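Visitor: I have a structure open on my screen and would like to learn how to read it. Could you walk me through it?

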Amino acid sequence: MARTGVKRSNWIGRVLLVDLLAGLRLTLGYMVSKTVTHHYPDYEKWVPYQRHRGHHFIKTNDEGEVNCVACELCSQICPCDCITVIPFENEKGDRRPKVFDINLARCLYCGLCEDACPADAIKLGQEYEVATHHRGTLVVHLEDLVKAPGKAGNGGVVRPAKLDRNSGLRSVTQTGPKDAGLDWWSRIRRER
Amino acid sequence: MENVLSLVPVLIKMAIVVGVLLLLPLPLTWLERKIAAHIQQRPGPMRVGWHGLLQPLADAIKLLTKEDHIPAEADRMLFSIAPVVALVPPFLVFVAIPIGDPIQMFGTEIALSISDLNVGLLFILAVSGIGVFGTILAGWASNSKYAVLGSLRSIAQMISYEIPMGFSVIGVVMLAGSMQLSQIVSSQQGLWNVVVQPIGFFVFFVSGLAEAQRIPFDLPEAEGDLGAGYHTEYSGIRFSLFMLAEYLVVVVLAFLNVLLFFGGWLGGPAFLPATFWLLLKVGFFIWVFMWLRFTFPRYRYDQLMTIGWKLLLPLSLLNILVSGYVML
C-alpha cells in the first residue's frame with residue numbers, strides 16, 4: 001500500500017476507522033505468514049554463493065600434494081601482510097611450502113592472493129565461521145588450509161544444519177534429503 | 001471458631017490470586033515478544049526452552065540479580081516506594097473481579113471472586129486510578145528530566161482519559177441497574193453489551209488503552225522520545241515491579257472489557273467450563289492489545305489530548321444520552 005501511494009479515506013472512512021483497520025489487517029497478515037529468519041545456527045545455515053570470499057583453502061593435485069609452489073607471490077601482494085610462506089625442496093626436488101601460515105585476524109578477505117597465485121593453489125572458500133576464544137587459533141597452518149572447505153558448489157541457499165557444540169561451536173550443514181537447499185528468497189512476502 | 005473457618009476460603013482465594021498474578025507476566029512477556037516477532041516476520045525467542053518458553057524465566061533471573069541502582073540526587077524514599085505504589089492497584093482490583101458463577105464445593109457455596117462488591121465497578125475504576133501515582137512518584141523521585149516529562153505526560157493523559165472511561169461504563173451500569181460485576185454479567189444473558197453499546201465499548205476500549213499506557217497512547221514511557229519515560233532511572237528488581245504492574249493493568253483491562261461488554265463467562269459453548277470461556281475471551285483481548293501495540297505508531301501529545309477531550313468525552317456523553325433516552 002505504501003508503495004502504490006497513500007489513499008486517503010473520506011470522512012465516512014475516517015469515522016469508521018478504515019485506515020486503522022487496514023493497518024491492522026496488514027499486520028495480522030504478517031502475523032500468520034511464515035518467518036523469513038534463518039534458524040541459524042540451530043537448524044539452518046546459509047551456504048554462500050560461489051563468489052563468496054571466506055576462509056582460505058589450498059588445492060591439492062591428484063597425488064594429494066599441494067598445488068602450491070611456494071613462490072610467495074600471495075604473501076607479496078597481500079595488503080595486510082598476513083601470509084607467511086617458507087619454501088623448501090622435497091624428495092622429488094619440487095619447491096613446496098614448508099610453512100604456510102595465514103593470520104585470519106589480519107586478513108581482509110580481498111582475494112588478491114587468489115588472483116596472484118600462478119599454481120591454482122590458494123583460494124578463498126565458503127567457510128565464514130572463524131570466531132574463536134583465542135587469537136592464536138586464528139593463525140591457520142598448511143594442514144588446516146588443505147582441509148578447509150572449498151568453494152560452494154550450489155551456493156545461495158539455506159541448508160538444514162546442526163550446531164556442533166563439541167568442536168568449537170560451529171554450525172554444520174547436514175547432507176540429507178533436502179540436499180539442494182532452500183531458496184531463501186522464496187520466503188519473502190512481496191506485495192503485488 | 002465459626003468466623004475463623006469462614007476466613008479460610010478467602011485466604012486460599014487470595015493466595016491463588018496473588019500467586020497467579022505474580023507469575024502471569026512471565027508468559028505475557030513471552031507472548032508479547034512472540035507477537036512482535038511474528039508481525040515482523042521473525043520467530044522471536046527460540047533458544048531457551050521449547051520455542052523460547054523459558055526465556056521469561058531467564059530474563060527474570062537476570063533482572064533480579066542486576067544492580068539495584070538509585071541515582072545520587074534522587075529522593076530515596078519516594079524512589080523506593082514508587083514501584084510498590086504502581087504495583088498495588090492492579091492487585092487490589094482483582095479483589096472485585098469475578099471469574100464465574102458461584103460453585104458448590106465441600107458442601108458450601110464458594111463465590112469465584114474474593115469479594116463481589118456491590119459497587120465493584122466503582123471500586124475498580126477508583127483503585128486503578130491510584131496506579132498513576134506510582135508513575136508520578138517515580139518520575140518525580142528520579143530527579144531526571146526524562147522521568148519528570150514522562151510523569152507529567154501521564155498526569156495529563158490520566159485526566160483526559162479517566163473521565164470518558166468513567167462515563168463510558170455508565171451506559172452499562174444503566175442497563176444492568178447495578179455496579180456489581182456479577183450482576184452486570186448476568187444482565188447480558190442473551191445479548192452482549194457490545195451489541196447494545198457499541199459506542200460505549202469503543203470509548204472504553206480506547207481510553208482503556210490510554211489508561212494502560214500502551215501504544216498508541218504510551219506517551220509516559222515513549223522509548224523514542226523519553227528514553228524510557230518515568231522508569232528511565234530504574235533498574236533491577238524495581239524495574240521489574242513496574243513491568244509487572246504494566247502487564248497486570250493490561251490483564252485488568254482485558255477482564256473489564258470482557259465482563260462489561262462481552263458477556264463475561266456467558267455465551268460459551270456447552271462443553272467449555274464458564275470460567276475457561278471467560279479466560280479465553282480475556283486472552284483474546286490481551287492478544288488484541290499486543291497486536292495494536294505492534295501496528296500503530298504513537299500519537300503526539302496534542303493529538304492525545306484532542307482525542308480525549310474532543311472525541312471520546314462527547315462520544316461517551318452521547319452514549320449516556322442515547323441509552324437514557326432508549327431506556328425511558
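Guide: We will go through the chain interface and then a few residues of chain A. Keep in mind that this is a predicted model.

Visitor: Which side chains meet in a salt bridge?

Guide: Between chain B and chain A the count is 1 salt bridge. Its partners are Arg47(B) and Asp42(A), at 2.9 Å from N to O. Arg47(B) is also one of the three residues named above for buried area. As for polar contacts, there are 6 residue pairs between the chains, both residues at pLDDT 80 or more.

Visitor: Which residues does UniProt list for "binding site"?

Guide: A record can point you to residues to look up in the model. The unreviewed UniProt entry lists Cys78(A), Cys107(A), Cys110(A) and Cys113(A) under "binding site". They are spread over 36 residues of sequence yet cluster in space, with a largest C-alpha distance of 10.7 Å.

Visitor: Is Cys78(A) buried or exposed?

Guide: Relative accessible area settles that, with buried meaning under 20%. Cys78(A) has 11%, so Cys78(A) is buried. Its place is the loop between helix 3 (73-77) and strand 3 (83-89) of chain A. Cys107(A) is buried too, at 12%, and sits in the loop between strand 4 (95-103) and helix 4 (112-116) of chain A. Beyond four places in sequence, Cys107(A) touches His56(A), Cys80(A) and Cys82(A).

Visitor: Where is His141(A)?

Guide: Start with the elements on either side. His141(A) lies in the loop between strand 6 (139-140) and helix 5 (142-147) of chain A. With a relative accessible area of 32%, His141(A) is partly exposed. Setting aside neighbours within four places in sequence, His141(A) contacts Phe100(A) and Asp101(A). From Leu104(A), His141(A) is 37 residues away in sequence and 11 Å away in space, C-alpha to C-alpha.

Terms used: Residues are numbered from 1 along each chain as its sequence is written. Chains are lettered from A and ligands numbered from 1 in the order in which they are written. This is a predicted model: local features need pLDDT of at least 70, side-chain atom pairs count only at pLDDT 80 or more; totals for chains, interfaces and linings use all residues. Side-chain values use heavy atoms; hydrogens and water are left out. Buried area is the accessible area (1.4 Å probe) that two parts lose on being put together, summed over both. A salt bridge is a side-chain nitrogen of Lys or Arg within 4 Å of a carboxyl oxygen of Asp or Glu. A polar contact is a pair of N or O atoms within 3.5 Å; within protein, one must be able to donate a hydrogen and the other to accept it, and residues adjacent in sequence count only if both atoms are side-chain atoms. UniProt positions are given in the numbering used here, feature names are shortened, and annotations may be inferred rather than shown by experiment. Helices (H or I, at least four residues) and strands (E, at least two) are DSSP runs, numbered from the N terminus. Buried means under 20% relative accessible area, exposed over 50%, partly exposed in between (1.4 Å probe, protein chains only). Contact means heavy atoms within 4.5 Å.
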